[in-house]
Amino acid sequence: MGKYPAPVAAPEVPISGGPLRILSLGLPRTGSSSMAEALRILGYNRVHHGTEMILEGWDFTWVERAAKAHFPALSSPEEPRPQPFTRAEWDEILGSFDAVTDFGCMLALPLIAAYPEAKVILVHRDVDEWERSVNEVIIDRFWPRRTPSELLVRCLVRLAGAREPLINGIRNTFLGRFGAAGPGELRANLRAVYAQHMREVQEAVPPEQLLHYRMGDGWEPLCKFLGKEVPEGVAFPHRNDAKAFGVMYDQIHREKIRGIAWVLVRYGVLLVLLAGVALQHRRIAALW
């Protein structure tokens, strides 16, 4: 095991025959949206991509539970750590999908252990470009600077309960996978964990089940690996992951705003009622 904590895999259990056949385990910001679309074009209609699932309102309450179950560093003495997910639990979450991309990479080793028969795609990206993209698209958004206004917003969001399990789940998964206690350490660990991730996946997967891929390689290596014909007259998709992630984050932000508005209205009404009661009490007292 490397310096940074890889997720703990569940004990081996009998294969249940679920349909999940492909694990695309390139780290976030390595073209996961493009790979998801390419797999759909090749006939894998049910492809799990975290950003898309969030936009569609898919239940992501399992994310934080999975993070705490598979990253021991996230556990605390006050809260017992959940057991690592078994194959049956993964089937319950992902069993209706043909392929997993994007967020699944953060729990690569547990998924490889749970689905040893799956083919694995490992997408590479220039590490300098990748580091810059993760900082700008993910870390800067999920860990904004702690200004007084941002702290006030966080307090109001907690009162409203607006997407807190999802936001906490995403943050905890990144912190757990990158062995970090906060965003500063997360940024510092990016490059080391990128290299560790590539090495661990390669060591965990038999060579005949693993495809090393770079965006720009086109259809041929992917189709050969999956035993598919190259789509005639169809360009390999190039989707803007950053744009899709921005849309997802904006949706979460809008939910925050609606939640804050609800809190302000609720507590505003309460304050008005309390003020009315106090005023009435003063009037009654004046009569005596």
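Okay, let's start with a question: in which loop is H49 found? H49 sits between β2, residues 47-48, and α2, residues 50-55. Before I go on, keep in mind that this is a predicted model.

So, what's around that histidine? H49 is buried, and its relative accessible area comes out at 1%. Its side chain has a couple of polar partners. One is the side chain of S32, with a polar contact of 3.0 Å. Another is S33, where the side chains of H49 and S33 are joined by a polar contact of 3.3 Å. If you skip the neighbours within four places in sequence, the residues in contact with H49 are S32, S33, A36, T101 and D102.

Okay, on to the helices. Two packed helices are described by the angle between their axes and the distance between the axes. Here I'm looking at α6, residues 127-142, and α9, residues 183-204. Their axes come within 10 Å, and they cross at roughly 150°. Angles over 145 degrees count as roughly antiparallel, so that's what α6 is relative to α9. As for handedness, α6 passes α9 in a right-handed crossing.

Who makes the contact? From α6 we've got V127, D128, W130, E131, V134, N135, I139 and D140. On the α9 side there's P183, L186, R187, L190, R191 and Y194. And what sort of residues are they? Across this α6 and α9 contact, eight are nonpolar, five are charged and one is polar.

That's my bit, thanks everyone.

Conventions:
Residues numbered from 1 in each chain as written. Predicted model: local features only at pLDDT ≥ 70, side-chain atom pairs only at ≥ 80, totals over all residues. Heavy atoms only, no water. Axes fitted to C-alpha atoms, helices over the stretch in contact; angles between N-to-C directions. Helix = DSSP H or I, 4+ residues; strand = E, 2+ residues; numbered from the N terminus. Parallel < 35°, antiparallel > 145°, perpendicular 65-115°, else oblique. Left-handed = near helix turned anticlockwise from the far one by under 90°. Contact = heavy atoms within 4.5 Å. Nonpolar A, V, L, I, M, F, W, Y, C, P; charged D, E, K, R; others polar. Buried < 20%, exposed > 50% of the residue type's maximum accessible area, 1.4 Å probe, protein only. Polar contact = N/O pair within 3.5 Å; in protein donor to acceptor, adjacent residues only side chain to side chain.
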